[in-house]
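Welcome! Let us take a friendly walk through a protein chain and see how some of its parts sit against one another.

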Amino acid sequence: MIELLNIVFRMIHVVAAIMWIGNSLLFTWFEINLLKEDDEEDSLGAMNMLHGGGTFFLQKRIINPEEIPQRLHIFKWQSYTTWISGFILLISLFYTRGGTLLLDPSKSDLPAYMGAVISLGSIIGGWLFYDLLWRSPLKNHGIIGLLICFATLIGYGAWLDTLFNGRAVYLQMGAMLGTMMSANVLFHIMTNQAKMMAALLEGKPHDLNLGKQAKIRSNHNHYITFPVIFLMLSAHFPSTYGSAHNIAIAAVVIVALVIIKHMMNCYHTVRRWKEFIALAFLAATAAISFLINSADDSSPAASAGREVFTTMGCSACHLPQPGTIAPSLHGLIGKEREFADGTNLIADVSYIRESIQNSTAKVVKGYAPAMPPYANVLTDEQLDLLVAYIQSLTR
Ligand code: HEC
């Protein structure tokens, strides 16, 4: 049942997010490409687009209070649906099970429910911090405001990394940014639109200022989209969130994605925009691979073993976080193992060898006997390297 809900809400979440972000990208593209070459007084620019066998004519206009269009489309439910479904997923996947998927027991001994408390508290606190900052006079100093927000986010991530497992840290940062985006739509973009429409209905002239204020939030949303996509998908990128330098990696990714998005928006004004994108991409890739590799201080045998671990497909099942189909192998040596048949032992090297060669001989309690036997697949050398690697996973 939980599994079914998970599938349904994840689908809703992803589809709504695609629709929302698609809108955000398309409307920004409209703004960039509107040409102010028509002489109509009320026009802010227009363009023609070829699609579906016809041309779409798009014009941005100042609204005349006498002629408010009858059918005016507004865009908000994509955003709200994304947030609501995301929040349901957060609760059903991470706040249930006693919060065990958030806190990392090797880092903190807080009771599990504190994971959910910290997560929820930071989602609300993060929004309040961001919102108050951009209501303060700092809003007139955009760059300083952005730097403060970025530094705070990274500082927060570093703090959270002392409590949460790496995967949950990235997810939590994504959930906080996503909440800010949706709250921007609810509390600023929609509110200012409603004020503008109310004034128009009273017959007052179109006040472009209200739109401009909302535009700051809308611009934030626009630039946050790429980083949020990365953070939300990061469960698939264990080499990033699992690295000892995971927060530095997140910082590099966020900066690079914002630069890339900005250059995509500047393609009219910056002649070498493509080169800048390539440069940002290459520099970020180099920085990230340096960060990933420099975090690796294990012995040569363990590093070689990690290679075998990936190439032999072990990492498909054995992820570092709990809740996956196979037990995490971190800190296995010396741990007490309980088996499905009721026996138990303390894991040592010979147990690890046996588990790899013929795992179903002793099936760990709580897991299906799903691991294939590797006795005839691995060479002795590969087996030794794997054991060295698993021994090196001390935390
Ligand atoms: C198809 C999924 C899958 C793959 C691939 C897989 N495993 Fe496993 N592994 C499991 C499951 C499920 C268990 C727990 C049940 C059991 O003990 O058989 C397990 C258990 C283990 C254990 C004992 C863990 C413990 O907590 O006591 C070790 C060690 C291990 N695997 C190592 C490996 C290595 C090394 C590889 C790659 C050569 C590998 N596994 C590939 C699913 C997998």
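We begin with a pair of helices. The axes of helix 3 and helix 4 (residues 142–160) come within 11 Å and cross at roughly 165°. Helix 3 is therefore roughly antiparallel to helix 4, a label used for angles over 145 degrees, while under 35 counts as roughly parallel, 65 to 115 as roughly perpendicular and the rest as oblique. Axes here are lines fitted to C-alpha atoms, for helices over the stretch in contact, and angles run from 0 to 180 degrees between N-to-C directions. Helices are DSSP runs (H or I, at least four residues), numbered from the N terminus.

Which residues of helix 3 and helix 4 make the contact? Helix 3 brings Phe-129, Tyr-130, Leu-133 and Trp-134, and helix 4 brings Gly-145, Ile-148, Cys-149 and Thr-152. Being in contact means that the C-beta atoms of two residues, placed from the backbone, lie within 7 Å. By class, this contact of helix 3 with helix 4 has six nonpolar, two polar and no charged residues. Ala, Val, Leu, Ile, Met, Phe, Trp, Tyr, Cys and Pro count as nonpolar, Asp, Glu, Lys and Arg as charged, and the others, Gly among them, as polar.

A word on the model itself: it is predicted, so local features need pLDDT of at least 70 and side-chain atom pairs count only at pLDDT 80 or more, whereas totals for chains, interfaces and linings use all residues. Residues are numbered from 1 along each chain as its sequence is written.

| Helix pair | Axis distance | Angle |
|---|---|---|
| helix 3 and helix 4 | within 11 Å | roughly 165° |
| helix 3 and helix 5 | within 9 Å | roughly 45° |
| helix 10 and helix 13 | 7 Å | about 110° |

Helix 3 (residues 113–135) and helix 5 (residues 166–201) cross at roughly 45°, which makes helix 3 oblique to helix 5. Among the residues in this contact are Ser-119 and Trp-127 of helix 3 and Gln-172 and Met-180 of helix 5. This contact has seven nonpolar, five polar and no charged residues.

Helix 10 (residues 300–311) and helix 13 pack at an angle of about 110°, so helix 10 is roughly perpendicular to helix 13. Their contact includes Arg-306 of helix 10 and Tyr-389 of helix 13. Its residues divide into nine nonpolar, three polar and one charged.

Finally, the ligand. Of the 28 residues around the ligand, Cys-314, Cys-317, Ala-326, Ser-359 and Met-371 come nearest; a residue is near if its C-beta atom, placed from the backbone, lies within 6 Å. Helix 11 (314–317), helix 12 (349–357) and helix 13 (380–392) each give two or more residues to this shell.
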